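Thanks for coming, everyone. Let me put the structure up, and then we'll walk through it.

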Amino acid sequence: MRVRSVLLAAGALLLAGCSVSVSVGKEVSKENFEKGISDALQRSIGERPDTVACPGPIKAVEGESMRCVLTASGQKVGLTAKIGAVNGTDVQYHVQVDQKPMK
């Protein structure tokens, strides 16, 4: 089951060193952030979720965090994405996937 492999591989894993580009207004667009999270999961565990949905853009400020939801094999799993280092238009962030699917 694909969602199980996402949970097993990413549930205890903190994805570090992921990066996205920011706009002039110093925020990461919703679309870029969601794509960056999907790309990071694919790189780290070899599987891409069906979707990643975040509520909106995130400020490119160290320490900012946002709750998002990934969908894999029809199951939804929460995750937290937190902004790390910001260097010009490059933003590093960390992703922590929840251990269990949402109900």
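In what order do the elements of the protein run from the N terminus on? They run α-β-β-α-β-β-β-β-β. That makes 2 helices and 7 strands. Helices (H or I, at least four residues) and strands (E, at least two) are DSSP runs, numbered from the N terminus.

A word on the source. This is a predicted model, where local features need pLDDT of at least 70 and side-chain atom pairs count only at pLDDT 80 or more, while totals for chains, interfaces and linings use all residues. Residues are numbered from 1 along each chain as its sequence is written, and side-chain values use heavy atoms, with hydrogens and water left out.

Now the overall numbers. Of the 103 residues in the protein, 39% are buried. Buried means under 20% relative accessible area, exposed means over 50%, and partly exposed is in between (1.4 Å probe, protein chains only). Next, contacts, meaning heavy atoms within 4.5 Å. Among contacts with a separation of 6 or more, 54% are between residues 24 or more positions apart.

On to salt bridges. How many does a search of the whole structure find? It finds 4. The term means a side-chain nitrogen of Lys or Arg within 4 Å of a carboxyl oxygen of Asp or Glu.

Start with helix 2. Asp-39 pairs with Lys-35, with the closest N and O atoms 2.8 Å apart. Both residues lie in helix 2, 4 residues apart, about one turn of the helix. Asp-39 also has a salt bridge with Arg-48, and there the closest N and O atoms are 2.7 Å apart. So we have a network of salt bridges linking Lys-35, Asp-39 and Arg-48. Lys-35 is partly exposed, at 47% relative accessibility. Arg-48 is partly exposed too, at 30%.

Stay in helix 2, residues 30-45, for Ser-38. Is Ser-38 buried or exposed? Ser-38 is buried, with a relative accessible area of 8%. Leaving out residues up to four places away in sequence, Ser-38 touches Arg-48, Pro-49 and Val-52.

Last pair. Asp-98 and Arg-67 meet through their side chains in a salt bridge, 2.7 Å from N to O. This pair links distant parts of the chain, 31 residues apart: Asp-98 is in the segment after strand 7 (90-97), and Arg-67 is in strand 5 (residues 65-72). Asp-98 counts as partly exposed at 24% relative accessibility. Arg-67 does as well, at 44%.

That's the tour.
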